[in-house]
Amino acid sequence: MAEFVTVAKQDDVPVGQFKEVVVRGKPLLVCHTATGFYAVDNTCTHDDGPLGDGWLDGCAIECPRHGARFDVRTGEVLALPAAVPIRSYPVQIDGNEIKADLG
Ligand code: FES
């Protein structure tokens, strides 16, 4: 059963930016794109690069280490060298709170 927990406040994540958080031991990126808020893992699947040290370009987060790109809406790989998607978590908005189902 889904259990949505607060991962950030809307006010803390302006559009076009992301925020690094750790919730229940999971390092996450909470991203705000033109299409809404998304929560994804903050670790690159290529070689564990810190995606939070990278940059958000539209809906793509780019890893600073070797340039892999992932779609933050789905976790899908957009550019090599990563071959495995990052995990993306369902998000709900509750007032000013951004909540994600980390189950
Ligand atoms: S660790 Fe992210 S592209 Fe290599």
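This is a short walk through the structure shown above, from its overall make-up down to one residue.

Keep one thing in mind: this is a predicted model.

Let's start with the strands. The protein has eleven strands and zero helices. Read along the sequence, the pattern is β-β-β-β-β-β-β-β-β-β-β. How compact is the protein? Its radius of gyration is 13 Å, close to the 13 Å that the globule rule gives for 103 residues, so the protein is as compact as a globular protein of that length. Along its principal axes, the C-alpha trace spans about 40 × 30 × 20 Å.

Now the sheets. Strands of a sheet pair through backbone hydrogen bonds, either parallel or antiparallel. Which strands sit at the edges? Strand S4, residues 36-41, pairs with S9 over two bridges, in the antiparallel sense. Find alanine 39: its bridge partner in S9 is tyrosine 89. Hold on to alanine 39. We will come back to that residue.

Here is another open sheet. Four strands form it, in the order S5-S6-S7-S8, with antiparallel pairing. The edge strands here are S5, residues 55-57, and S8, residues 77-79. From one strand to the next, the twist averages 30 degrees. S5 and S6 run antiparallel, and three bridges join them; S6 covers residues 60-62. Leucine 56 has isoleucine 61 as its bridge partner in S6.

Next, the inside. In the protein, 32% of the 103 residues are buried. In soluble globular proteins, nonpolar side chains tend to be buried together. So what does the largest nonpolar core look like here? The largest nonpolar core has 24 residues. Those with the most contacts inside this core are Val7, Leu28, Leu29, Val30, Cys31, Ala39 and Val40. Which strands supply at least two residues each? They are S1 (4-9), S2, S3 (26-33), S4 and S11 (97-101).

Back to alanine 39, as promised. Leave aside its neighbours within four places in sequence. What does alanine 39 touch then? Its contacts are Val7, Leu28, Val30, Ser88, Tyr89, Val91 and Ala100.

One last number, for the whole chain. Count the contacts between residues at least 6 apart in sequence: 39% of them join residues at least 24 apart.

Technical notes
Residues are numbered from 1 along each chain as its sequence is written. This is a predicted model: local features need pLDDT of at least 70, side-chain atom pairs count only at pLDDT 80 or more; totals for chains, interfaces and linings use all residues. Two strands pair if DSSP finds at least two bridges between them. The radius of gyration is taken over C-alpha atoms; the globule rule is 2.2 Å times the number of residues to the power 0.38. A residue is buried if 20 or more other C-beta atoms lie within 10 Å of its own, exposed if 12 or fewer, and partly exposed in between; C-beta atoms are placed from the backbone. Two residues are in contact if their C-beta atoms, placed from the backbone, lie within 7 Å. A nonpolar core is a set of buried Ala, Val, Leu, Ile, Met, Phe, Trp, Tyr and Cys residues joined through C-beta atoms within 7 Å. Axes are lines fitted to C-alpha atoms, for helices over the stretch in contact, and angles run from 0 to 180 degrees between N-to-C directions.
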